[in-house]
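Dear colleague,

I am handing over the model we spoke about, with the sequence and coordinates placed just below. Please have it open beside you as you read the notes that come after it.

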Amino acid sequence: MFRYTKLTLLREIVLWIVAIAFLLPFYFLLTTAFKTDAEVYGSSPLALPQSPGFEAFLDVLSAGDRAVLRGLASSVLITAGSIGGLVLLGSLAGYVISRRTGRRSRGAYYLFLVAILLPTQLGTVPLYIGARALGLTGTMWGMIVLYTAMLLPLAIFLYAGFFRSLGTEYEEAAAVDGATRAQIFFRIVLPLMSSATGTVAILAGLIIWNDFFTSLIFLGGSESQTLPVAMYYYIGSLVSRWNAIFAIVIISMIPILAFYLFAQKRFITGFAGGLKG
Amino acid sequence: MSDTTTLDSPVARIAREAAITSSRESDEGPASRTRRGATRSARPPRLVFGSWWWALPGVVLVVAVHYVATAAGGVFAFTNWSGIGGFEWTGLDNFTRIMREQASLRAVGNTLLLAFGSVVLSNVTGLLLALGANRVVKTRHVLRLLFFMPVVLSPLAVAFIWKFVFDYAGPVNAVLSSVGLDAWARAWLGDPATALWAILIVLVWQNTGFAMVIYMAGLAAVPGEIEEAAALDGAGLRQRFWHVVLPSIMPAVAISTTLGLVNGLRVFDQILALTGGGPAGATETLATAVYRQAFSLGDFGYGAALALILTLIILALAITQQYLTGARHEED
């Protein structure tokens with residue numbers, strides 16, 4: 001019944017025309033970034049670069065005491081550190097709330113459940129004041145703790161969902177063989193959960209890597225500001241040197257796009273499936 | 001979802017979690033427990049899963065960052081604290097000030113317009129794309145890859161691309177003047193009449209792929225036989241859509257719109273990059289107003305009051321919306 005007909009071909013062609021129009025902004029991004037300053041101001045914004053060059057990229061990477069490169073390094077460290085915290089604490093708590101039925105474990109379950117509902121906006125102001133009092137603003141460690149705490153409910157429920165779909169046979173077998181609870185968890189259960197860990201890492205990693213608001217408030221103007229914050233401040237000083245602006249935009253996109261193309265299926269299903277629980 | 005990239009999670013999950021919990025509790029009723037105890041009594045090492053205190057570090061962090069901070073924010077909303085030194089209780093002063101100030105009311109209006117506008121438009125286009133790329137289309141996976149790409153990019157970076165597109169010397173005006181419509185050319189983001197609509201386009205562009213992916217997953221679950229049967233019975237394309245396809249993808253609609261709404265209400269990055277809330281407050285949203293009041297002007301009390309309003313709007317809309325789509329789904 002649903003065969004490939006002429007109508008389907010037409011549908012496919014229409015979709016591709018829409019897709020090309022949809023991707024036009026990337027055409028402007030790529031062509032403009034490789035233009036020289038004179039071309040940016042002199043030629044049509046629709047034109048291809050006359051003599052494509054990397055000047056804008058080199059400019060951006062060396063400017064402002066290498067602010068962009070330092071931002072990149074901060075972003076990598078903060079994202080990696082937060083993912084580490086989320087995987088460790090999220091898997092432990094997710095295991096407890098999905099396997100144990102004691103009163104305290106049930107309490108923790110409802111506590112995380114309500115936290116997922118609460119929007120984070122209202123807490124930002126007091127968090128900032130608290131972090132400032134503790135000397136955690138402007139530091140990488142403070143940011144890692146903050147991101148871990150903010151995304152922990154999400155990580156916990158992602159893990160809990162995966163733990164529930166895992167039968168208890170492995171744990172029973174290991175217990176019979178005399179493994180301790182910690183051994184069972186870290187050497188048997190967690191290694192079986194690599195797809196859960198992958199989903200947590202992709203989802204939380206993307207959110208943290210792209211986050212601007214939180215890092216603007218907590219790291220703005222400090223030594224360890226992340227790439228989006230460094231990009232925001234640097235672009236503010238560029239006025240309309242679009243080749244330089246787009247060079248830094250491209251630099252900020254490369255890591256994510258590389259990941260995306262490399263693990264596209266994981267990304268799309270993890271992202272869509274993870275967020276809908 | 002991009003912006004999507006939300007730190008909050010959908011109400012959808014709550015319902016599901018609750019359902020899972022209750023079913024699990026019934027599974028492990030007293031009857032099954034005794035039965036299990038009886039069969040296992042032969043094996044001495046009784047199985048214990050972890051220990052409750054393994055969740056303790058998580059509990060402490062979540063209580064501090066989600067509960068204590070949010071509660072403190074609620075308290076600050078009724079004070080005139082500047083972030084340093086002491087403060088006084090001012091009762092509802094901050095809220096009456098919000099009602100009095102044109103700028104704050106405008107921020108509320110802009111927030112709602114951007115959230116609802118982007119949800120409706122990106123879900124309609126996302127659904128159309130998903131329907132177009134459904135089943136037999138050969139390149140559907142490539143199309144999905146392309147349309148989803150903006151979702152994984154940072155909203156800030158995306159906003160800078162579009163800032164160029166809408167610039168006075170940018171592509172939109174270049175195209176207009178090349179077809180003789182010079183009179184229409186303008187600084188799209190600098191004109192109070194067009195700035196908010198330009199931002200809406202950016203939001204829709206970035207969120208469409210997310211809606212598309214959710215709907216593609218939903219459509220894949222619609223049984224082809226039912227649709228075929230309906231077609232054989234003479235149901236037209238439109239009838240099949242309204243009576244067969246749409247009812248079966250209602251859960252996808254609920255998820256996609258709830259997430260889109262929550263994220264749309266929090267929109268911040270794109271505004272700051274595209275217009276900074278200008279011209280003359282024309283594109284200010286609640287999130288940018290909170291930032292300006294609390295962090296730029298140091299008026300923490302007033303900023304917290306705005307944040308409280310934003311929080312209440314998010315909660316109210318997310319719950320209502322979940323209730324509506326959930327209820328409609330039940331009927332089918």
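What follows is an account of what was found, going from the contact between the chains to single residues.

Please keep in mind throughout that this is a predicted model.

**The contact between the chains**

The two chains meet through 93 residues of chain B, which are in contact with 90 residues of chain A. On the side of chain B that touches chain A, the largest share comes from helix H3 of chain B, residues 56-76, which gives 14 residues. By residue type, that side of chain B divides into 63 nonpolar, 17 polar and 13 charged residues.

Helix H3 of chain B also takes part in a helix pair across the two chains, in which helix H5 of chain A (residues 103-117) packs with H3(B) at an angle of about 35°, the axes being 10 Å apart. The crossing of H5(A) past H3(B) is left-handed. From the chain A side, A:Ala108, A:Leu111, A:Phe112 and A:Ala115 of H5(A) meet B:Val59, B:Val62 and B:His66 of H3(B). The residues of this contact of H5(A) with H3(B) comprise six nonpolar, one polar and no charged.

**Chain A: domains**

Chain A is divided into domain 1, residues 6-53, and domain 2, residues 65-276, and the centres of these two domains, taken over C-alpha atoms, are separated by 34 Å. Six residues of domain 1 of chain A are in contact with seven residues of domain 2 of chain A. On the domain 1 side of that contact, the elements that give two or more residues are helix H2 (24-33) and helix H3 (37-42) of chain A, with the largest share, three residues, coming from H2(A).

**Chain A: annotated spans**

UniProt, in an unreviewed entry, places the feature "transmembrane region" at residues 12-30, 76-97, 109-129, 141-163, 184-209 and 242-263 of chain A. Two of these spans can be set against the model. For residues 184-209 of chain A, the end C-alpha atoms lie 33 Å apart and the span is 96% helix and 0% strand; for residues 242-263 of chain A, the end C-alpha atoms lie 31 Å apart and the span is 95% helix and 0% strand.

The UniProt annotation "domain: ABC transmembrane type-1", also from an unreviewed entry, covers residues 72-263 of chain A. In the model, residues 72-263 of chain A are 81% helix and 0% strand, and the end C-alpha atoms of the span lie 21 Å apart.

**A residue in chain A**

A:Arg266 is found in helix H14 of chain A, residues 264-275. Is A:Arg266 buried or partly exposed? A:Arg266 is partly exposed because 16 other C-beta atoms lie within 10 Å, whereas 20 or more would be needed for a buried residue. Leaving aside neighbours within four places in sequence, A:Arg266 is in contact with A:Gly198 and A:Ile202. A:Arg266 and A:Gly198 are 68 residues apart in sequence, and their C-alpha atoms are 8.3 Å apart in space.

**Chain B: overall make-up and two residues**

Chain B holds 15 helices and zero strands, and buried residues make up 45% of its 332 residues. Among contacts in chain B between residues at least 6 apart in sequence, 75% join residues at least 24 apart.

B:Asp269 has its place in helix H13 of chain B, residues 269-274, and counts as buried because it has 26 C-beta neighbours inside 10 Å. Not counting residues up to four places away in sequence, B:Asp269 touches A:Phe212 and A:Phe213 as well as B:Pro155, B:Leu156 and B:Ala159. The C-alpha atoms of B:Asp269 and B:Ala305, 36 residues apart along the chain, are separated by 21 Å.

B:Ala230 lies in helix H10 of chain B, residues 224-232, and is partly exposed, with 16 other C-beta atoms within 10 Å. Apart from neighbours within four places in sequence, B:Ala230 is in contact with B:Ala235, B:Arg240 and B:Val244. B:Ala230 and B:Gly126, by contrast, are 104 residues apart in sequence and 24 Å apart in space, C-alpha to C-alpha.

With kind regards

Technical notes
Residues are numbered from 1 along each chain as its sequence is written. Chains are lettered from A and ligands numbered from 1 in the order in which they are written. This is a predicted model: local features need pLDDT of at least 70, side-chain atom pairs count only at pLDDT 80 or more; totals for chains, interfaces and linings use all residues. Helices (H or I, at least four residues) and strands (E, at least two) are DSSP runs, numbered from the N terminus. Ala, Val, Leu, Ile, Met, Phe, Trp, Tyr, Cys and Pro count as nonpolar, Asp, Glu, Lys and Arg as charged, and the others, Gly among them, as polar. Domain bounds come from an automatic or database domain assignment. A residue is buried if 20 or more other C-beta atoms lie within 10 Å of its own, exposed if 12 or fewer, and partly exposed in between; C-beta atoms are placed from the backbone. Axes are lines fitted to C-alpha atoms, for helices over the stretch in contact, and angles run from 0 to 180 degrees between N-to-C directions. A crossing is left-handed if the near helix is turned anticlockwise from the far one by less than a right angle, and right-handed if clockwise. UniProt positions are given in the numbering used here, feature names are shortened, and annotations may be inferred rather than shown by experiment.
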